[in-house]
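Open the model in a viewer and keep the selection panel at hand. The stops below follow one another by selection.

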Amino acid sequence: MTSNNIEYLDCDVIVVGSGGTGSQAVQAAAEEGLKVIVISKDPMSSSDTKICEGVITVREAGDNTDTEEVLSENIKLAGADLPDKNITVAFANDSKDAYDRLRVNGLRPSINKEKNKPKTLAIAMGGHNKSRSVGHKNSGVAFGHTNWDTIIKYKNVEYFEDCWFLEVVKEEIEGNKGKDIKVLGGIVYDAARGKILFINAPSVVIASGGLSSLYFPKTDTMRGNTGDSYALGIKAGADLLDMEQIQFLPFCLASPPSYEGLLAGEPSTASFLGVLRDKNNKVILDSVYLRTRAECSEAIMRAVEDGRGSPNGGAFLDMTKNISAPKSGKYFMKYLKSALPSAYNNARQALGKEAGKAEIPWEVRPSAHYSMGGIRVDEYTRVIHSAENQYEPIIIKGLFAAGQAMGGLFGANRLGSTSLTELAVFGYRAGKSAAKNANQSVKNKNYDIFHKHYFNFKNLFNKKGKLKPYKLKLDLQKKCWDNIGPARTEKKLKKMLTYLEKIEKDLNNVNVPKEMIWNQQFLDLIELKNMITTAKAIAIASLKREKSVGGHVRLDKKTSSLFSKPYSTLVKINKNNAFEAFKLLRQKTPLKRIINYKISEKFRFMKAKILRILPESISDKIIENKYKNILGTDQITIKPGSLDGAPGDKVNQI
Ligand SMILES: Cc1cc2nc3c(=O)[nH]c(=O)nc-3n(C[C@H](O)[C@H](O)[C@H](O)COP(=O)(O)OP(=O)(O)OC[C@H]3O[C@@H](n4cnc5c(N)ncnc54)[C@H](O)[C@@H]3O)c2cc1C
C-alpha cells in the first residue's frame, strides 16, 4: 500500500448505503443543490430493500379513523413502550407524504377503485390495529427500481459501488458536559479499483442497514448485514439503543439447506384458523393471525428449548383447518397465494406440493430479520451520544443515522410493513438534516487527521498470521445463534462475552495478503470486526434487561408486564475504551390508554376464539363472508389442478 493508492475527494454529504434509506437521504440532500457522494458495498440499490416483500405501512390507506395518534400509539405499545415518542410521532406524521414521494419516484401500488386509495392487504398484519399495509406487484424489486431511479436522476450525486465505508473521521474537543464530537468525513475501501478514498465532508449519513448476518444461515436478509452501521456509529462516539432487540421472523424455512432461513409467511398468513403446533401435535399458539412476530417466535423457541421442537429446531404452522372448511376452504388458497406471493413461493418450492396446498403443516423456524435497536438519534436523525456517565443527550455534529441503522422507533417489536415507511420517513429526514448541517459548516481542508484514522486499517493488509478471517466469521455466526439468538439466558450471554474476548485475540493471528484490488480477506476481516463489535453490544445490552421482553425469550427471567417501567438499554464506549450499558427510562403511556389498547386487543382475540369454538357449519359461513369481503366479490372458480400453486403461478396481487 503506497500513498498512490489514496484518492482525495470532497463533498457536502456522504451517504453510506444505497438501499431505501440511502436513496431517500440522497434525494433530500441533492434537492438542496449540494454535492452528495453515495458509498455502497453492494451494487447500487441492491439491499434488503430490494429483496423485501414490498408491503409498506401507509396511514389511512385502510380507513379515515387511522389518525396520527392511533398509528403512533400502535407502534409505541406494540414495542412494549420502549420506543421514543418523538420518533413514533414523526413516523406517523410523515407516513403518507413519504409514501407519496416514493410514488412520484416511480412506485406503483394496486389501487382500491372504490376508495381511490392504495389497496391494503386482505387481513391486517399481526399487531396492527388498523388495516394500513399496502402491497406492490414485484415486491421489493419495485422498491429497488424506485431507489435506483432516485439516485441516478441527480447530476450533483456521485456514486461508488463495491466500496466499503471503513470509518467516520471526526475530531473531538473537550466540552462542558464531556466530549464534543464533530464529523470531518470518512474513509472508504474501493475494492474494485484497489483504492482508499479520503472523503472530506461535514455531514455523513449512516444508512448501511442491519446485522442479521450475525446469525447466518438462520436469516432471510442480504449477506452484507454485518452490523457495519452500529460499529461505525459506536466507534464515532454514538450511543447504541436496545441492541438486544433483534427481530426474529417466526415463519421462516428450516430446510432444505438451500432455502434455510428464507421467509415463508407472516402471522397473518395463518388466516382465521391457523395454529402453531409442537412436535407432539399440541397447539402452542392459537389466533396466530392476530399475534405479533415476537409472540409467535417466543412460542416456537419455548417449545424448542423444552425439547418439543420440530426436527430442524422449529415448530409446525398448521393451516389445514382453513383449507378443509367446506365453504370457506376454497377462498383460503386464493388468500394464501396472494397475501405474500414471494413468501408463499418459497414455502411451496421448499416444502413441496402438499404443503403448497396447505394440506400438511409447514415446518417453520425463526430467522434473524431486522434490528429494532440501533444508533441513538433524535426525530431529525441527528446522532446522539450521552454526556460522561449521564444520560443528557449531546448531538454529534455532522453525523446522522436512519432506517435500520437507527434505534428508538420500534423498541421491543416491529410490526410488519413498517420498515419501508421508516426508511422513507427517516431517510429523507436524514438527508434534509445533513444538508442543513453542511450549509452551516465551514469545510475542513486538512487531510492529516484522515491519515491518523487510516493507520489502523493500513496495518490490516499484509498480515502473516495463520487464521482465515472467513472461518472465524463462520464460527462467530454459530455462536451468535446459540448464545445471543432467539432464546437467551444470563449464562449464555456471559459465555458469549468470554468467546468474544477470545476471538478478538485471534484477530492478531489472521492472514491477509497485501493486494489492494478485491482483497477478500481484508473485507472479511473488516466485516468480522464489525460483527464482533455488534455482538458485544447485543450481549451487554441483553444483560441489562431485567425481564423477558421483545423479539427474543429470556428463559431465566419473568415476562415483563403491563405495569413494568419501560426502559431502553443504552450501550456506549466509556473513557476507558470499554463497552458499558445503562438504562434509559422511557415515557410510559398513561395506564388508561394502555388498558384501552389492551381491551381492544382482547376483544379481537375473543372474536377469533368464538370463531374457533362455534359449530363448523356456522363458523364456516362467517369465514366465507369474511373472505368475500376482504378478497372482493369475484367468483372463486377452482380449475382442476389449479390449487397446486406451482411457482410462477399468476396470483391476484394485493
Ligand atoms: C426478505 C425480506 C422481506 C422484507 N419485507 C418487508 C416488507 O414487506 N415490508 C417492510 O416494511 N419491511 C420488509 N423488510 C425489511 C426491510 O426491507 C428492511 O428493513 C429495509 O429495507 C432496510 O432498509 P435500509 O435502507 O435501512 O437498509 P438496506 O436496504 O439493507 O440497505 C443497506 C445498504 O448499505 C450498504 N452497506 C452496508 N454496509 C456498508 C458499508 N460498510 N459500506 C458501504 N455500504 C454499506 C449495503 O450495500 C446497502 O446498499 C424485509 C426484509 C427482508 C430481508
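Axes are lines fitted to C-alpha atoms, for helices over the stretch in contact, and angles run from 0 to 180 degrees between N-to-C directions. Helices (H or I, at least four residues) and strands (E, at least two) are DSSP runs, numbered from the N terminus. This is a predicted model, in which local features need pLDDT of at least 70, side-chain atom pairs count only at pLDDT 80 or more, and totals for chains, interfaces and linings use all residues. Residues are numbered from 1 along each chain as its sequence is written.

Select residues 490-506, helix 15, and residues 520-543, helix 16: their axes lie 10 Å apart and the packing angle is about 155 degrees. Helix 15 is therefore roughly antiparallel to helix 16 (angles over 145 degrees count as such).

Next, select residues 246-253, strand 14. Eight of its eight residues are buried, so strand 14 is largely enclosed by the rest of the structure (buried: 20 or more other C-beta atoms within 10 Å of the residue's own, with C-beta atoms placed from the backbone). Phe-248 has Ala-368 of strand 18 as its bridge partner.

Last, select residues 341-351, helix 10, where nine of 11 residues are buried, including Tyr-344 and Arg-348. Strand 14 and strand 18 are among the elements covering the buried residues of helix 10. Just after helix 10, Gly-352 has a positive phi of about 100 degrees.

Key
Angles under 35 degrees count as roughly parallel, over 145 as roughly antiparallel, 65 to 115 as roughly perpendicular and the rest as oblique. A residue is buried if 20 or more other C-beta atoms lie within 10 Å of its own, exposed if 12 or fewer, and partly exposed in between; C-beta atoms are placed from the backbone. Two strands pair if DSSP finds at least two bridges between them. Two residues are in contact if their C-beta atoms, placed from the backbone, lie within 7 Å.
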